[in-house]
Amino acid sequence: AADTDLADMAALVKRIVQAHGSQSVGFAELISAAQEGGLFARVLPDQGEPDRSQRSAFSRMLTRYHKCTFENTRFFIDGKGHQRRYRVEITQF
């Protein structure tokens, strides 16, 4: 499952960059991007609003990837609680 999660996270980061560049996005936007890409299927439903436990599991999973680098990008979580925003920075290597 960890390998699948890592691959799904890399794909999600790529989708965020393609759709939003380096602008921050909210949790609902991440869920939509993940569902549209068929990502995190073990945690999120294929479509529709995830229930509370699914949202919580997805949030915990995202927290594990805070400050992680994927190819030439780095994933960040800013803020806490309902004010939390997610962003991707393009890194130079």
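## Glutamine 54 and its contacts

Leaving aside residues up to four places away in sequence, glutamine 54 touches Val43, Leu44 and Pro45 in this predicted model. Glutamine 54 is part of helix 3. With a relative accessible area of 22%, this residue is partly exposed, because the buried class covers values under 20%.

Glutamine 54 can also be placed relative to arginine 42. The two are 12 residues apart in sequence, and their C-alpha atoms lie 9.3 Å apart in space.

## The loop between helix 2 and helix 3

Arginine 42 sits in the loop between helix 2 and helix 3. Arginine 42 has a relative accessible area of 54% and is therefore exposed, since that class begins over 50%.

The C-alpha atom of glycine 48 is 13 Å from that of glutamate 29, and the pair is 19 residues apart along the chain.

A further backbone feature comes just after helix 2, where glycine 38 has a positive phi of about 70°.

## Helix 2 against helix 3

Helix 2 covers residues 27-36, and its buried residues are Phe27, Leu30, Ile31, Ala33, Ala34 and Gln35. The axis of helix 2 comes within 12 Å of the axis of helix 3, and the two cross at roughly 95°. Helix 2 is therefore roughly perpendicular to helix 3, because angles of 65 to 115 degrees fall in that class.

On the helix 2 side, the contact is made by Phe27, Leu30, Ile31 and Ala34. Helix 3 contributes Arg55, Phe58, Ser59 and Leu62. Sorted by class, the residues of this contact are six nonpolar, one polar and one charged. Phe27, Leu30, Ile31 and Ala34 are also listed among the buried residues of helix 2.

## The largest pocket

The largest pocket holds about 320 Å³ of space. Its lining consists of Phe27, Arg52, Arg55, Ser56, Ser59, Gly81, His82, Arg84 and Tyr86. Helix 3, residues 52-64, supplies the largest share of this lining, with four residues. By class, the lining has two nonpolar, four polar and three charged residues.

## Positive phi outside glycine

Lysine 67 has a phi near 70°, a positive value in a residue other than glycine. This lysine lies in the loop between helix 3 and strand 1, the latter being residues 69-70. Lysine 67 has a relative accessible area of 53% and is therefore exposed.

Glutamate 71 is not a glycine either, yet its phi is positive, at about 50°. Glutamate 71 is found in the loop between strand 1 and strand 2, where strand 2 spans residues 73-78. Its relative accessibility is 70%, so glutamate 71 counts as exposed.

Definitions and conventions
Residues are numbered from 1 along each chain as its sequence is written. This is a predicted model: local features need pLDDT of at least 70, side-chain atom pairs count only at pLDDT 80 or more; totals for chains, interfaces and linings use all residues. Side-chain values use heavy atoms; hydrogens and water are left out. Buried means under 20% relative accessible area, exposed over 50%, partly exposed in between (1.4 Å probe, protein chains only). On a 1 Å grid over the protein atoms alone, a cavity is a set of points where a 1.4 Å probe fits but cannot get out, and a pocket is an open set with protein on both sides within 12 Å along at least five of seven lines; lining residues have an atom within 4 Å of a point. Grid points are joined across faces, edges and corners, and a volume is the space filled by probe spheres set on the points. Ala, Val, Leu, Ile, Met, Phe, Trp, Tyr, Cys and Pro count as nonpolar, Asp, Glu, Lys and Arg as charged, and the others, Gly among them, as polar. Axes are lines fitted to C-alpha atoms, for helices over the stretch in contact, and angles run from 0 to 180 degrees between N-to-C directions. Angles under 35 degrees count as roughly parallel, over 145 as roughly antiparallel, 65 to 115 as roughly perpendicular and the rest as oblique. Contact means heavy atoms within 4.5 Å.
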